[in-house]
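Hello,

Here is the structure for you to look over. My notes follow below it.

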Amino acid sequence: DDSLIGLATRLYRFGSDMETTRFSPSDWKSSNRIQSLTATNRCGASESLRQTSIRLRNETTNRTQWAQSDSEGQLRERHGDVLDVRRALERTLDETEKEIETLSRKRETLEKALQAKEIPSRVVVTCIERREGRRKIDLVRDEVEIQLHKEHEVVESIRGLLQQKIVDAYNQSSVLQEARQQLHLDLTDKYEALAIDTKCIELSNDTEGTGFFRNSTRREKDIVTPETWSSYSNYNIMRAKAEMKASLSLREAADHLISQTSSDLESQRLATDYAFRKRLHQVQQAIDELEWQDKNTSQEIVDTQREADSLMRAIQEKQPPMMVAQTRLENRTERPHVELCLDSAQFKLVDEVGELSEALQSLMRQLDSTRNMLDTLHLTLTRIRDDLDVKRTSFEIDTTCARDRDQLTAPGMREKHLGKD
């Protein structure tokens, strides 16, 4: 090797000074051997380098293809995950929208049921106010008044309960709409994410529009973990389902309330109507009794007046006999001397005057009693007729109230109380 190096040095110098340098045949052979050896070594090194390059190219190609395939597989898997969540969101959104519509219809049913209570409320208040027109002794706190006030309390209580349930339905509808809005926003993001990932999956090495991007591996500051991503959509779905469950409970409670209040109102209506019928029967009996008493009292007044007239005639009829008897006695006082005798005729005339006086006094006393009785009978008749007028007024009032209450049993009224058309 040292000789080769020396030879090479000399050849180099020969290249610099060809004119003066001469080589020996051995140098010439050595030079040829050097060139051959150098070429052989360099070709070997080049071949080794080429083999290394081939292996590197194959390895990097395989890794690149694997990485690209793995990335595409992950994209497809991610696409499937997002698609599953999207479908769950779509189902939940559809169920939420149906529940909102169902709750809206139930709220309308409640509103119709509440509106239907205006009729019984107006009727019961009208009856209470109209019955204030009863007069005197008939202005009594009877069973009808008690039941009317109970009915008013029942109606107002029902209206309050229905109104509160309507407010609850409005509030629940608002909460459902918020949940629906959140689902919609989440679903919109899912659609956009799926579109992006679908586009990424469709990209290939031959796709136009691909390019190099500076710092494409950066992490955005608001990037989230898969767990956060999953829990976000799960929360939206679970929240919507919880609100739908609450809405279902509210609708069931509304159905129960409508049914129960309708039953309570009907029971109270029946109790009030029964009280009216019973009271009308009692008042009619009182009117019948008073009319009978009016007739009897009027007849008694006629008979008593006739008797008073008879007594007056009897008194007047006693006047002539009294005058005759007294005249006889007076005339006999003029008998002369011994003829002025207390004879039997005198005694009889005196007895006659006494009897007539006693009879007149008896008749006068009887006439006074009869006239007093007439005054009493007239007063009684006046009171009877006044009470009869009061009773007839009460009967007319309660009859009008009972007729007004026919509205409560009009065809379709029960359906209205149930919130049906």
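**What was found**

This is a predicted model, in which local features need pLDDT of at least 70, side-chain atom pairs count only at pLDDT 80 or more, and totals for chains, interfaces and linings use all residues. Residues are numbered from 1 along each chain as its sequence is written, and side-chain values use heavy atoms, with hydrogens and water left out.

**Nonpolar cores**

Start with the packing. A nonpolar core here is a set of buried Ala, Val, Leu, Ile, Met, Phe, Trp, Tyr and Cys residues joined through side-chain atoms within 4.5 Å. Buried means under 20% relative accessible area, exposed over 50%, and partly exposed in between (1.4 Å probe, protein chains only). The largest core has 17 residues. Ile 301, Ile 315, Met 322, Val 353, Leu 363 and Leu 367 have the most contacts inside it. H5 and H6 are the elements that give two or more residues to this core. H6 supplies the largest share, nine residues. Helices are DSSP runs (H or I, at least four residues), numbered from the N terminus.

Leu 363 is in contact (heavy atoms within 4.5 Å) with Leu 311, Ala 314, Ile 315 and Lys 318, leaving aside neighbours within four places in sequence. A second, separate core has 13 residues, including Val 85, Leu 89, Trp 229 and Ala 240.

**A buried glutamate**

Glu 151 lies in helix H4. Its relative accessible area is 1%, so Glu 151 counts as buried. Its side chain makes a polar contact of 3.0 Å with that of Arg 405. A polar contact is a pair of N or O atoms within 3.5 Å; within protein, one must be able to donate a hydrogen and the other to accept it, and residues adjacent in sequence count only if both atoms are side-chain atoms. Glu 151 also touches Val 124, Gln 268, Arg 269, Thr 272 and Leu 408, not counting residues up to four places away in sequence.

**Cysteines**

How many disulfides are there? The count is zero, with a disulfide taken as a pair of cysteine sulfur atoms within 2.5 Å. For Cys 401, the nearest cysteine sulfur is that of Cys 127, 3.8 Å away. Cys 401 is buried, at 0% relative accessibility. Cys 200 is partly exposed, at 31%.

**Positive phi**

Most residues other than glycine have a negative phi. Lys 136 has a phi near 50°. Lys 136 sits in the loop between helix H3 (118-130) and helix H4 (143-202), and is exposed at 55% relative accessible area. His 337 has a positive phi of about 45°. His 337 is in the loop between helix H5 (226-332) and helix H6 (344-404), exposed at 79%.

Best wishes
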